[in-house]
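Hi everyone, thanks for making time this morning.

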Amino acid sequence: KNLYSQILQSKLENEKLLAILLDPDKINLKNVETLIEKINQSPATHIFIGGSLVESNILDELIIKVKQNCNLPVVLFPGNPSQISGQADGILFLSLISGRNPDFLIEHQVQAVPILKKTQLEIISTGYILIESGTKTAVERVSKTKPLDRNNIEYVVQTAQAGELLGNKLIYLEAGSGAKQAVPLEMIQKVAQNIKIPLLVGGGIVDLLGIQKAYDSGADLVVIGTAFENNIDFFNSNA
Ligand code: 1GP
């Protein structure tokens, strides 16, 4: 157990982490075993589960199947409190600190407490920062917040620092699932240089080079969703 201390340990040892994001809405339970086989062959270190608008009720079943076939830690990455399952190992307890919508800053978190209290989930406070990425992404639509200007690196760094000072344990720079443009490398670099807590980066990373560049810029953990969704051989190809 203790997901967070493992993430800290990896950061200390400069061992990069990789999360594959599974969106329950896009998964057919019948295909889960093949999917997990591919995950087991991939360099993934974590499985994240969630999405902006999860409507399906397969969450528990999906996680149970994943855990039966795979030893990687399963971490919830919820769009709202309905996406909590006690079957997972932990949860990114997100606050959308780039936005100014109180529901996503605090109300959903308040609503989640009674649900979380019934679980053994490891709760990891995460400052979630949405960065402008060319088109309107689901996070932007659902949260009704404006992403931060991708050219205003200073403001993004300040936002990440505010998150750290507020006690967040992780900072997540998000371009949005399927984003046209990933988080700028210079932004990753500046944020990484100015916070001490681990940095997660995701959204719009579509090839192995993109992952490597994010690591080289200072990301401690990269999240891959769409690229793997579209091609389960993504990690075996030279994409
Ligand atoms: C979304 O950052 C994740 O929250 C992953 O994005 O689907 O673009 O890989 P992609």
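Let's start with a pair of helices: where α2 passes α3, the crossing is right-handed. Please keep in mind that this is a predicted model. Helix α2 covers residues 32–41 and helix α3 covers residues 59–69, and their axes come within 10 Å, crossing at roughly 45 degrees. That angle is why we call α2 oblique to α3.

Which residues in α2 and α3 meet? From α2 we have Val 32, Glu 33 and Ile 36, and on the α3 side they meet Leu 62, Lys 65, Val 66 and Asn 69. Sorted by class, the contact of α2 with α3 has four nonpolar residues, two charged ones and one polar one.

Now the second pair. Helix α6, residues 153–165, and helix α7, residues 185–194, have axes that come within 9 Å and cross at roughly 35 degrees. The crossing of α6 past α7 is right-handed. Here Ile 153, Val 156, Val 157, Ala 160 and Gln 161 of α6 meet Glu 186, Met 187, Lys 190, Val 191 and Asn 194 of α7. The residues of that contact divide into six nonpolar, two polar and two charged.

Let me step back to the whole chain for a moment. It has nine helices and eight strands. The chain is as compact as a globular protein of its length, because its radius of gyration is 16 Å, close to the 18 Å that the globule rule gives for 239 residues. Along the principal axes, the C-alpha trace spans about 45 × 45 × 35 Å. As for burial, 40% of the 239 residues count as buried. And if you take contacts in the chain with a separation of 6 or more, 73% of them come from residues 24 or more positions apart.

With that picture in mind, on to the loops. Ile 131 sits in the loop between β5 (122–130) and α5 (138–143). Is Ile 131 buried or exposed? Ile 131 has 28 other C-beta atoms within 10 Å, so it is buried. Leaving aside neighbours within four places in sequence, Ile 131 is in contact with a list of residues that includes Pro 147, Leu 148, Val 156, Leu 173 and Met 187.

Next, Lys 16, in the loop between α1 (3–12) and β1 (17–22). Lys 16 has 18 other C-beta atoms within 10 Å, so it is partly exposed. Its C-alpha atom is 9.7 Å from that of Asp 216, 200 residues apart along the chain. Beyond its neighbours within four places in sequence, Lys 16 is in contact with Tyr 215 and Asp 220.

Asn 14 is exposed, with 8 other C-beta atoms within 10 Å. Lys 144, in the loop between α5 and α6, has a positive phi too, near 50 degrees. Lys 144 has 11 C-beta neighbours inside 10 Å and so counts as exposed.

Conventions: Residues are numbered from 1 along each chain as its sequence is written. This is a predicted model: local features need pLDDT of at least 70, side-chain atom pairs count only at pLDDT 80 or more; totals for chains, interfaces and linings use all residues. Axes are lines fitted to C-alpha atoms, for helices over the stretch in contact, and angles run from 0 to 180 degrees between N-to-C directions. Helices (H or I, at least four residues) and strands (E, at least two) are DSSP runs, numbered from the N terminus. Angles under 35 degrees count as roughly parallel, over 145 as roughly antiparallel, 65 to 115 as roughly perpendicular and the rest as oblique. A crossing is left-handed if the near helix is turned anticlockwise from the far one by less than a right angle, and right-handed if clockwise. Two residues are in contact if their C-beta atoms, placed from the backbone, lie within 7 Å. Ala, Val, Leu, Ile, Met, Phe, Trp, Tyr, Cys and Pro count as nonpolar, Asp, Glu, Lys and Arg as charged, and the others, Gly among them, as polar. The radius of gyration is taken over C-alpha atoms; the globule rule is 2.2 Å times the number of residues to the power 0.38. A residue is buried if 20 or more other C-beta atoms lie within 10 Å of its own, exposed if 12 or fewer, and partly exposed in between; C-beta atoms are placed from the backbone.
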